Amino acid sequence: MKPPYLMTLDETATEVPRDKRVYFEVFGCQMNKLDSELMLESLSQSGYTLTHDVEDAGVIIYNTCSIREKAEERAYSRLGSFKKRKAQDPNLVIALTGCVAQHHESALLAKLPHVDMIVGTREFHRLSDMIAEVRSGAEPLVATELDSPLEFHRSQNMGPSSCQAYVSVMRGCDQVCSYCIVPTTRGKEVSRPPEVILEEIRRLAENGVREVTFLGQTVNSYGKRLGDGVGLHTLLYGVEDIAGIERVRFITSHPRYMRPKLIEAMATCEKACEYLHLPVQSGSSSMLARMKRTYDRDFFLKVTDRMRNRIANFAIATDFIVGFPGETDEEFEDSMSLACEVGFDHGYVFKYSPRPGTVSHRIADDVPEDVKKERNNALMNQIMDIAQVKNEAYVGSTLEILVEGPSKNDPTRFTGRTRNHRIVSFAADADEPIGQFLQVKVDRATGTSLWGSKVGCSTESPTIPKPRLDPAHDAS
Ligand code: 5AD
Ligand code: SF4
């Protein structure tokens, strides 16, 4: 697997000895991708460089995710395949990092005795020292403290593309959703000070970044312990003054924290995109209570209505879990009907996966696998059908996109995104500049993307002013 977002280091640095060549495999969410970049960046300070060829690497890092059993099992099986190589090459260093490391700590060494280090979600700044220690003969190392510093050096060219950057604004999660392992693997919520974040974004802007995405496990509760009324709205208003940044997004939000101040900031800040990823998890109030989500169906509907009424062209994406313990046919039907009622622009559906250490792990996983599969398919189809209809409504219109790069499947095309997060594919010139704003006329739509052709560019600044709606709908 070649993670395209790991682009920090000069891959042509062939004179770098094998010992200093690092191979990464990254599972999980955007936070894990950003953490992988930060690891790579800290290793580069000690002379390490990235390789995309595992055979060529002297250090192998698996940055893992424990949200569902499958992701965890996949990491174990891939790591297991290095057993023979490690026996032949003792200088090879194998590190298991991230959420699985944080959760299972030293117990992993019994399961994977050829792994040299287990590094949790807040200790990766120590990787270089730990590699040196292991190479000088130390026993396997475990570093899983959760109160380590939040500030890491970042390079200016980290990110999903040269014009986009992820910015971690907070780490950890204070929620107690009964199915979720994240509070265990990422610890309690800690927010970074707004002035530090805004300074980081100023530097990114100077280096050509046009779009930033704030990251946090419950990003919209940002600022909880900072005082002075600081919240995510503070960051949105702050970015308005940073020249060069044209778009701001944030993931992932909790419905409970979609407060009026934040909605108002999204409605009024020119740079705040008309898009929100707002996982609902279920459309059934009884199920939401068992999941300990702290809101019910009605609350979620009110929040999404409020946002659609206040912000034009507003797109909402979500996550659902199907087959949570005890999910009845009626409860599942509530998820189907909620998907219709909200009309999500995009959505993910996950089959419930019991995770040791969570509250729901103690309850029998009693929805049969074939029922989970059926529900998963039915809900996914429903979401896709709605998304397709919504996308088709754009056929014939001209949209502004930020060009992100070549299309994965077709080298003659590039892709970009609208402010409301729709992917648009267009026939590209050979050297289409990444990071430019283009006008594209849409001629075809699927449930996941739009297809069109260029009709002009607007490199100076986005040309479409933020649509304004009647503030009478304001939520207060
Ligand atoms: N089983 C299945 N899906 C889960 N998610 C979180 N925990 C679990 C679990 N135990 C899903 C939620 C969350 C997304 C990132 O993963 O929908 O929003
Ligand atoms: Fe996976 Fe959650 Fe950890 Fe992200 S925070 S890597 S989704 S377990």
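This is a predicted model: local features need pLDDT of at least 70, side-chain atom pairs count only at pLDDT 80 or more; totals for chains, interfaces and linings use all residues.
Local features here need pLDDT of at least 70, side-chain atom pairs count only at pLDDT 80 or more, and side-chain values use heavy atoms. Residues are numbered from 1 along each chain as its sequence is written.

The sheet is open, with parallel pairing and the strand order β7-β10-β11. Strands are DSSP runs of E with at least two residues, numbered from the N terminus, and two of them pair if DSSP finds at least two bridges between them. β7 (164–168) and β11 (247–251) are the edge strands; each has a single partner, so one side of each is left without a neighbour in the sheet. From one strand to the next, the twist averages 25°, taken between lines fitted to C-alpha atoms, with angles from 0 to 180 degrees between N-to-C directions. β10 (residues 211–215) is joined to β11 by five bridges. Across this pair, Phe214 stands opposite Phe250 in β11.

The residues around ligand 1 include Ile67, Tyr179, Asp319 and Phe350, where a residue counts if one of its heavy atoms lies within 4 Å. Two strands, β13 (315–322) and β14 (346–351), each supply at least two residues of this shell. A polar backbone atom of Ser353 is 2.8 Å from a nitrogen atom of ligand 1. Such polar contacts are pairs of N or O atoms within 3.5 Å. The protein covers 88% of the 400 Å² of accessible area that ligand 1 has on its own, by the Shrake-Rupley method with a 1.4 Å probe.

How values were computed
Chains are lettered from A and ligands numbered from 1 in the order in which they are written. Helices (H or I, at least four residues) and strands (E, at least two) are DSSP runs, numbered from the N terminus. A polar contact is a pair of N or O atoms within 3.5 Å; within protein, one must be able to donate a hydrogen and the other to accept it, and residues adjacent in sequence count only if both atoms are side-chain atoms.
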